Amino acid sequence: MKRYAPIFAGLGYSTIFGFSFLATKSALENVNPFELLFLRFSFATLIFVVLVSCGAIKLSYHGKPLVQLLPVCLFQPVLYFTCETFGITECSTVAAGLMLGAVPVTVAFLAWFILDEKPTIMRMVSLLISLGGVGFIAITLQGGDNTVFGLLLLFGAMASASLYNVFSRRSSKNFTPLETTFAMMISGTLVFGFLALIKGEPAIIHRAVSVFPSIVYLGGLSSVVAFLLVNFNLSRLKASQSSVFSNISTAVSVAAGVIIRGEFFGPLQATGAVLILLGVWGANKK
């Protein structure tokens, strides 16, 4: 059973991330992006504080190389969420899906050079198949115009997500998934809190109440639970194996759009979803 635990973790966090866009879209109708990110990560941090206070979990950073967590927190959540949130507002979903869907392939190459995790031919082929599935879905989705600035932001998000996977894998030798996740949540709270204070508007408390269900999902499930699963996944699998699960989020997002929002789902999207799943299976096959 332990052998399959990382796979179940990957399926879990990719599913949670896949549904998160619904909560994000709903919340952004009442708060600006930086306020949403601050509320999300502050709620996640509060959960950790409560769990530590009641003795449910233990965190220990004493004597550990804290400097290893700096790039992890920088790339995820700070740079990734900043670039993704504003990049998607400037680009079509086609561009966003294609660029963010390239993360597993980018991670595989970065892990090869930084972590010396040389991928097998089978794994590289599987990564490309999964990426092809994302592209298959993305090119069939309707989107708006793309700006150069928006594409640069999405490229920044892709690069940030890739580097996060690599550095989180490296830090997992000294930090538990709980310790890494808490560092990410507190850094998100501080950075996005500062930015929300600068860009914020009056009566944020009143507006925060109106988006509370979204904050619970994004802060509790999509931040605490999902990133715990991500960091656990990265502590057990190679970075190139772990990152491919992110492509399942694309398939989940499409399914959520069809079931909840009544969006069209045809043979091309179904083909893309199958390719994604085949790629995940191949990349994690022993």
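## Where α8 meets α10

Helices α8 and α10 pack against each other at about 135°, and their axes lie 9 Å apart. That angle makes the pair oblique, because angles over 145 degrees would be needed to count as roughly antiparallel. Keep in mind as you look that this is a predicted model. As for handedness, α8 and α10 cross in a right-handed way.

The structure holds 1 cavity of 30 Å³ or more, and the volume of the largest cavity is about 30 Å³. Which residues line the largest cavity? They are S168, S172, F175, T176, P177, T180, N231 and S235.

You've already met some of these names. How many nonpolar, polar and charged residues does the lining of the largest cavity have? There are 2 nonpolar and 6 polar residues, and no charged ones.

## α10 has another partner: α1

Now follow α10 to its meeting with helix α1, which covers residues 5–27. The axes of α1 and α10 come within 8 Å and cross at roughly 155°. Angles over 145 degrees count as roughly antiparallel, so α1 and α10 fall into that group. By class, the contact of α1 with α10 has 18 nonpolar, 9 polar and 1 charged residues. The crossing of α1 and α10 is left-handed, whereas the one between α8 and α10 is right-handed.

## Another pair: α5 and α7

Next up are helix α5 (residues 103–114) and helix α7 (residues 148–171). Their axes are 9 Å apart, and the helices pack at an angle of about 45°. Why are α5 and α7 called oblique? Angles have to be under 35 degrees to count as roughly parallel, and roughly perpendicular covers 65 to 115, so this pair ends up as oblique. Here the crossing is right-handed.

From α5, the residues in this contact are V103, T106, V107, L110, A111 and I114. They meet M158, A161, S162, L163, N165, V166 and R170 of α7. Split by class, the contact of α5 with α7 has 9 nonpolar, 3 polar and 1 charged residues.

Note on methods:
Residues numbered from 1 in each chain as written. Predicted model: local features only at pLDDT ≥ 70, side-chain atom pairs only at ≥ 80, totals over all residues. Heavy atoms only, no water. 1 Å grid on protein atoms, 1.4 Å probe; cavity = no way out; pocket = protein on both sides within 12 Å on 5 of 7 lines; lining within 4 Å. Points joined across faces, edges and corners; volume = space filled by probe spheres on them. Nonpolar A, V, L, I, M, F, W, Y, C, P; charged D, E, K, R; others polar. Axes fitted to C-alpha atoms, helices over the stretch in contact; angles between N-to-C directions. Helix = DSSP H or I, 4+ residues; strand = E, 2+ residues; numbered from the N terminus. Left-handed = near helix turned anticlockwise from the far one by under 90°. Contact = heavy atoms within 4.5 Å.
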